[in-house]
Amino acid sequence: MKLPFRIALILLLALLAELTHAQNIQSIIDQAPNQEAFWAVTVRDESGKVLESLNSEKIIVPASNQKLITTAAFLEYFGSDYRFQTNLYGDGELVGNTWKGNLIFKGSGDPSISGDLYDEDRYHVFRKFLNQLKKEGIEQIDGVLMADVGLFDEQYYPKGWDWYDFSFYYGVQISPLSFNNNAVDLEVFAEGEIGDTPRITWFPDSTDYVNFKNQQVITHPATEYDEYYRRGMGGNQIVLGSSLPRDYYEDESLSIDNPPMFFLDSFKNYLNDNGIIFNGPIAFSNQSFDYDTSKVVASHKSKPLSELVDWINKESDNFYTEMLLKTLSAKAGNQPGSFEHGIKQVRNFIADLGIDTTYVQMNDGSGMAGGNFNKTSILSDMLVKMQNHSEFGAYFNSMSVAGIDGTLAYRMKGTPLYNNFKGKSGFVTGVRTLSGYFEAKSGKNLIVSLATNNFISEKVRPIDAVHEQILMYLYEKY
């Protein structure tokens with residue numbers, strides 16, 4: 001017997017509703033690509049009650065979800081209003097318009113002496129120092145430009161970072177006095193004929209602090225871009241070996257060696273280009289110089305820590321994270337800051353929140369190092385507990401907003417998660433993670449931590465699609 005169309009439609013809709021209701025997280029994962037991967041999921045309500053759990057107590061690699069822990073500790077220790085102060089001390093006197101003596105920068109650990117928080121004006125802070133020196137009447141310097149970098153120990157990299165990453169902006173050296181994120185910004189223009197060498201420029205102002213060995217080649221427009229950049233260990237020669245299709249444009253931030261000298265060399269050039277003559281030597285020390293610290297000739301205060309933490313979590317910035325980690329160590333321990341001691345302070349903080357740190361293994365603050373381990377149950381529990389923290393407003397606001405900004409700017413558009421899910425993504429080879437907060441269809445607030453480990457493909461979009469399927473399932477169910 002043939003059913004009337006309306007009844008058939010009702011039955012079909014009921015069947016679809018039943019199938020949707022029958023779906024669960026495991027069934028979504030069972031239909032996913034990358035079946036070789038390990039998946040873990042923990043979902044809680046805002047009180048902390050576990051609503052969904054899959055491998056929640058299994059060990060996962062958190063990647064940049066580790067920044068959720070470290071930035072919480074930074075806000076706890078420093079407070080969201082904290083500002084870094086970098087002073088330039090004068091060890092000498094002004095004779096006429098010439099400073100007779102040394103000028104000494106004391107590194108404060110400020111990671112933001114760059115354009116990141118100053119509308120991409122990378123000389124913003126240098127200009128402030130320059131103007132203060134001119135206000136003092138200084139038009140020439142007869143002495144040494146020096147850097148006191150005793151705030152940190154002499155270990156430039158956290159344990160577990162891969163040497164391959166040391167050439168790039170996400171694996172730069174860490175020093176308490178840093179400029180332009182301790183990187184040069186390269187631009188490559190594949191102008192000319194096939195077989196020619198592309199034209200290059202770089203910031204700071206084509207500085208000779210680095211030496212580019214340009215072995216790149218322009219290829220046929222139909223070919224694909226093939227990237228190759230390497231900085232030799234312990235030096236500043238950077239080999240460029242990329243193949244670029246004709247008329248292709250590429251930009252890349254590449255790391256430098258010896259950040260204090262890079263800072264001083266860049267500042268010296270900036271002075272000479274902007275009206276203060278200085279032809280003297282530059283030098284730095286990991287031990288504090290003997291100088292009068294009351295004699296400040298110029299000074300700069302950073303933006304509030306809330307803005308730095310916002311940059312860390314939205315942009316997933318490793319450099320800012322490790323700089324703040326070592327500063328935390330230096331301030332908490334009254335000693336040269338170290339990665340290991342900074343990690344100890346972070347672990348102490350989450351222990352004070354009531355979290356068992358047995359399965360929280362950290363080799364760095366940012367999550368890029370090998371040997372970092374955690375659980376989705378712990379990450380989600382920390383997000384729950386942070387809701388009652390006095391700095392939760394700054395913490396929550398630092399999260400990327402789905403479809404709007406940060407590392408989630410292009411995700412979840414066209415879904416109810418758009419401008420709803422707020423959290424942190426993470427990626428290292430074979431690892432994709434996502435943790436955060438969102439409001440379900442019913443108005444219920446959910447807290448989720450998702451981890452996919454050990455997948456083989458270099459593409460993360462299929463993993464992201466599954467994570468978003470899980471989030472949509474949770475959105476509809478709760």
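Is Asp-121 buried, partly exposed or exposed? In this predicted model, Asp-121 is partly exposed, since its relative accessible area is 25%, and its salt-bridge partner Arg-127, whose closest nitrogen lies 2.7 Å from the closest oxygen of Asp-121, likewise counts as partly exposed, at 33% relative accessibility.

The setting for this pair is a protein of 478 residues, 55% of which count as buried, built with 11 helices and 21 strands. Its C-alpha trace extends over about 105 × 60 × 35 Å along the principal axes, and the accessible surface amounts to about 20900 Å², with 49% of that area belonging to carbon and sulfur atoms. Among contacts with a separation of 6 or more, 69% are accounted for by residues 24 or more positions apart.

Side chains of opposite charge can pair when their charged atoms come close. The protein carries 41 positive and 60 negative charges, whose mean positions are 6 Å apart, and the count of salt bridges comes to 15. One of them joins Lys-100 to Asp-142, with the closest N and O atoms 3.1 Å apart; this pair links distant parts of the chain, because Lys-100 belongs to strand 4 (residues 98–106) and Asp-142 to strand 5 (residues 140–142), 42 residues apart. Lys-100 is partly exposed at 40%, and Asp-142 is partly exposed at 41%.

A local pairing is found in helix 9 (residues 376–386), where Asp-381 and Lys-385, being 4 residues apart, are separated by about one helical turn, and where their closest N and O atoms are 2.8 Å apart in a salt bridge. Asp-381 is buried, with a relative accessible area of 17%, whereas Lys-385 is partly exposed at 25%. Elsewhere, Arg-411, Arg-432, Asp-464 and Glu-468 are linked in a network of salt bridges.

Two loop residues complete the picture. Ser-316, in the loop between helix 6 (305–315) and helix 7 (318–333), is buried, because its relative accessible area of 19% falls under the 20% limit. Leaving aside residues up to four places away in sequence, Ser-316 touches Ser-64, Lys-67, Trp-311, Thr-407 and Lys-424, while Pro-260, 56 residues away in sequence, lies 24 Å from Ser-316, C-alpha to C-alpha. Ile-59, by contrast, is partly exposed at 39% and sits in the loop between strand 2 (50–54) and helix 3 (67–78). Together with Tyr-359 and Phe-373, Ile-59 makes a nonpolar surface patch of about 270 Å².

Notes: Residues numbered from 1 in each chain as written. Predicted model: local features only at pLDDT ≥ 70, side-chain atom pairs only at ≥ 80, totals over all residues. Heavy atoms only, no water. Patch = residues over 30% accessible without salt bridge, like charges linked within 9 Å, V, L, I, M, F, W, Y side chains within 5 Å. Areas by Shrake-Rupley, 256 points an atom, 1.4 Å probe, with all protein chains shown as cover. Salt bridge = Lys/Arg side-chain N within 4 Å of Asp/Glu carboxyl O. Buried < 20%, exposed > 50% of the residue type's maximum accessible area, 1.4 Å probe, protein only. Contact = heavy atoms within 4.5 Å. Lys, Arg positive; Asp, Glu negative; His and termini not counted. Charge placed at Lys NZ, Arg CZ, Asp CG, Glu CD.
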